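User: Can you walk me through this model? I'd like to start with the RNA.

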Amino acid sequence: MEVRTRFAPSPTGYMHIGNLRTALYAYLHARKNEGKFILRIEDTDQARLVEDSVKVIYESLRVTGLEHDEGPDIGGPVGPYVQSARLPIYRQYAERLLAEGHAYRCFCEKHEKQEDADEEHDGPILGYDGRCSRLSEADVQANLAKKMPYVIRQKIDKEGSTSFNDFVYGPITVEHKQLDDQILLKRDGYPTYNFANVVDDHLMGITHVMRGCEYISSTPKYILLYKAFGWEIPEHIHLPHILGPSGKKLSKREGSVALSDFLNKGYLPEAVLNYIALLGWNPGTEQEFFTKADLIAKFDIARIGKAPAMFDETKLAWLNAQHVKALPPEKAHELFLKFYPEKIVKGFDARKLTGYIQGKVEKLSDIPNMVSFLAGLDEKYSAELFVHAKNKTTLEGSKAVLKDLEAILSGLPSWDYAAILAAVKAYAEAKGAKLGPVMWPLRIAISGQAVTPTGAVEIAELLGKPETLRRISVAIGKL
RNA sequence: GGCCCCUUCGUCUAGCGGUUAGGACGCUGCCCUCUCAAGGCAGAGAUCACGGGUUCGAAUCCCGUAGGGGCCGCCA
């Protein structure tokens, strides 16, 4: 049988990193098995609709390369793929449950969740007591005649229990007395998640239901629905949560949770994908660097773990550096260009610069700080930088070295890496010195900072002869 | 409060009855070196949450306890 998985986000306005991982796993499992990956929009909560948020979903899937085979934008054989466009379908199936005694109309007032007033949350929270299930047919008809608004609830016999076998968590059993007569169809005619999900997953031929583990407790209710309809029960694969740094569920309050947050910080989409794939799954080998193609080849739902994982941005950063390094030079340059100050793009051999720093960029957003000294020398740097114990450099010594270098470099017929290096080396040798005591003052002089992303020769080459000499004379003036 | 789930270095994890409990990030040191990184090497870091069993033998199997998380919405 063809594997069919789906990603079924609600349009909330941003792509939560946990949701993205769910999408990733569903995508990988489909690709791995040459099945289909379906996108379905779950927009049944009319009160929470967020403008344009469907676009965020499309864009997130596009940028991460999780392309879907069926969905609202591209259609498919079992559409529509937006739940708000499927209302008659849900109505029809709800009526069927009504007719067959698996559901009933409920005319009660709204029974909304009360926020636990900051008291302890002890004291039982009571669910719906099922009173409308005991209404006589005559009462129901009378209420209908009065045009009383109603919802349709699932009728659950409180005797017995229901079990299912979760692919990740194993056998789960819940006593029916724990299960509420949940609402299937709301007053406004929209289905709840609890109903739409079951109906759609069946109608869309989903073979593997993947979702966050917060649904484990509710799954028996869904199983009961499948049974009431006489439908085959798909494989259930619940995923452990991703936790924030404090050990609590990853949330906006703790910092970045949206894909866009990480992208804006300069993380590569492929690095984010690689990192979250490893949060709850591992290949069983020691491989940690994965391209999307690697993931498709190696992914296996059998190796998904049960324990929640904390999101560690430090490790993401490391993985990101690995992906930056692996970028083809052309691609790296294209990406880096967006982070270079205008002056560098215009006045420097930026392509060469990219080549020099590609190996040491962690996040793309680090680039501006890394290269700003090239665009302009901050002449107020401290002269103390010239003093370096290991290279045995002093203020006076540096001044002498720079004066010599000024003369040598100004007489250089060609200005490229090899020529500059050769000249400096020859000078050091003539002085009977090692390279360090010569390079150190030069690098400080032309960068104005102790730490630079490349060596002095690369910097001089990039700056060009006039600017290099100008900076050297500025330094001499300071000393 | 009821029910469900989880628990191996700080973090991500390997392990599926017999291992010096392995790897990665981070951290420390050394090497390399014109700085910082990168890279290479080395090191510190886990009484496998705790307590009972079962077994010749348990991180691995069973039962409790504790801690954490989740659900109990006309939200998903």
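**RNA contacts and a helix pair**

User: Which atom of C108 lies 3.3 Å from a base nitrogen of RNA strand B?
Analyst: A backbone N or O atom of C108 does. That is a polar contact, meaning a pair of N or O atoms within 3.5 Å.

User: What should I know about the source?
Analyst: The model is predicted: local features need pLDDT of at least 70, side-chain atom pairs count only at pLDDT 80 or more, and totals for chains, interfaces and linings use all residues. Residues are numbered from 1 along each chain as its sequence is written, chains are lettered from A and ligands numbered from 1 in the order written, and side-chain values use heavy atoms, without hydrogens and water.

User: And what does A456 face?
Analyst: A polar backbone atom of A456 is 3.0 Å from a base oxygen of RNA strand B.

User: What about T44 and phosphate?
Analyst: A polar side-chain atom of T44 lies 2.5 Å from a phosphate oxygen of RNA strand B.

User: Switching topic. Which residues of α15 and α17 meet?
Analyst: S398, V401, L402, L405 and L409 in α15 meet P437, V438, P441, L442 and A445 in α17. Contact means heavy atoms within 4.5 Å. Helices are DSSP runs (H or I, at least four residues), numbered from the N terminus.

Conventions:
Polar contact = N/O pair within 3.5 Å; in protein donor to acceptor, adjacent residues only side chain to side chain. Helix = DSSP H or I, 4+ residues; strand = E, 2+ residues; numbered from the N terminus.
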